[in-house]
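Subject: Structure handover

Hello,

Here is the structure I promised to pass on. Please have it open while you read the notes below.

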Amino acid sequence: MRQHTGGLRASPRSLSPTATGHDHHRASRSSGARRLGRALAASALLLTLAACDGLPRDQETTSAAPAPDTDPAEVEQSEPVPVDPSWLCSPGGGEEAPSYTPEPGVFNPESVRAEGSTVTVAGGFALEEGYEYGGFAPDATIVPADPAHRGAPSDGYDGTLGTEGAPAPPIVVRERVEVPGEGAAPSTATAQLTLGTCEDAPLPDGQYLLSLRGGRVDGPGPGEDGWSSSRDVMLDVVGGELETVPGALEAADGEVPADLTPLTCRAPLESVGDGDGLSVTVSRQESSVSTLVPEEEVGVSVDARVTVTSTDLGTRALLQGVVLTNPSTGTVVAGARNAQAVGLQWIGEEGVATAESTWTTRETCTRVPLDPGDYTAHGFAVTVDDEGATHVVLSDPWTVEVVEEDAPS
């Protein structure tokens, strides 16, 4: 999503909005080479002047002091200014995308806060050597996330926006807080944006990715340069209001780290944490399975429908399934999970209900079919909270009987 543009200014000197990320990187490399050449030439000239005219050593050039780091609280109390999103709302309608080239500045999102229609993102900020900071004027594009891959944009929104034939994003930036400054860049910055729609309608519920970018960076070459964020920020809209995703600022692979230790083979199965608002129920569960594998089948499993509901709607880490334990030891014997991450899912008012299976004749912890007898089954759900802690939630248990049967003659 590096094609996303931002940093509105009056009469910007723009790169064509159809330029690709590869073009941007190539332009940056070319510009970097030119800057290096200019720097070397300037150094050579300075050395020549020093040799000829005897410049005193105590007149060496010193770097400007960096601008003070921005205070997020101060930014949140500042008055926002309007942003014109017409180039996005009417793609190809003549409004030129506010783009800057090259992009010598990088903003690294480290925290995100959302309230109502306002989002505040704070993080590290850096400019390449030789560039001057002219203040922090953030802008962003907001596109729907792919429901099957939360870290990627939905189909149609993964290309260049604001050009003829491109879709208009369902959410756009309507206001922003501009932080004045000059000279060397601060080491941290805070972007505060007020989001809305092209039609001034309520924010539509769903999952979104926000990509930050801005301008007000002056470099050694002609024109105006800018900055872009190192990664996209994930946001939800629930009931027309912005929400952050618990435990995840961004997830490029659609998953977030989780501790699944209680669900590994031979581990004592137990709940972890307070559930973080999740509850788990099962239905249509099987209570008896055979050791006999029917013809043309790959195995026998305990099946159940596992439903997970949440007090907080929106996107969150969610893994659900069925697990069997040995009732005498309480340890996992089938249905173990050994992954290191949990996928992100949208949880609505009706929750998430899926058909889950646990094999009893293969893929067990003993690598062989379970012995006949009684086992304890649970439906489970795993989630990750705002602090990144894993919660394991269990349903009420039920008994599963594994019955020995003779193969048909």
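Start with the link between Cys 89 and Cys 198. The torsion about its S-S bond is about -85°, so this disulfide is left-handed. A disulfide here is a pair of cysteine sulfur atoms within 2.5 Å. The sulfur atoms of Cys 89 and Cys 198 are 2.0 Å apart. Cys 89 sits in helix H3 (residues 86-89), and Cys 198 in the loop between strand S8 (188-196) and strand S9 (206-218), so the bond ties together parts 109 residues apart in sequence. Helices (H or I, at least four residues) and strands (E, at least two) are DSSP runs, numbered from the N terminus.

Before going on, a word on the source. This is a predicted model, where local features need pLDDT of at least 70, side-chain atom pairs count only at pLDDT 80 or more, and totals for chains, interfaces and linings use all residues. Residues are numbered from 1 along each chain as its sequence is written, and side-chain values use heavy atoms, with hydrogens and water left out.

Back to the cysteines. Cys 89 is partly exposed at 23% relative accessibility. Cys 198 is partly exposed too, at 24%. For these labels, buried means under 20% relative accessible area, exposed means over 50%, and partly exposed lies in between (1.4 Å probe, protein chains only).

How many disulfides does a search of the whole structure find? It finds 2. The other one joins Cys 265 to Cys 365, S to S 2.2 Å. Cys 265 lies in the loop between strand S13 (255-257) and strand S14 (278-283), and Cys 365 in the loop between strand S21 (352-359) and strand S22 (373-384), so this pair ties together parts 100 residues apart in sequence. With -85° about the S-S bond, the link is left-handed. Is Cys 365 buried or exposed? Cys 365 is buried, at 5% relative accessible area. Cys 265 is partly exposed, at 31%. Counting bonded cysteines along the chain, the pattern is 1-2, 3-4.

Asp 158 is in the loop between strand S6 (149-153) and strand S7 (172-176). Its relative accessible area is 48%, so Asp 158 is partly exposed. Asp 146 is 12 residues away along the chain, and the two C-alpha atoms are separated by 10.0 Å.

Glu 241 belongs to strand S12 (residues 241-243). At 43% relative accessible area, Glu 241 is partly exposed.

Best wishes
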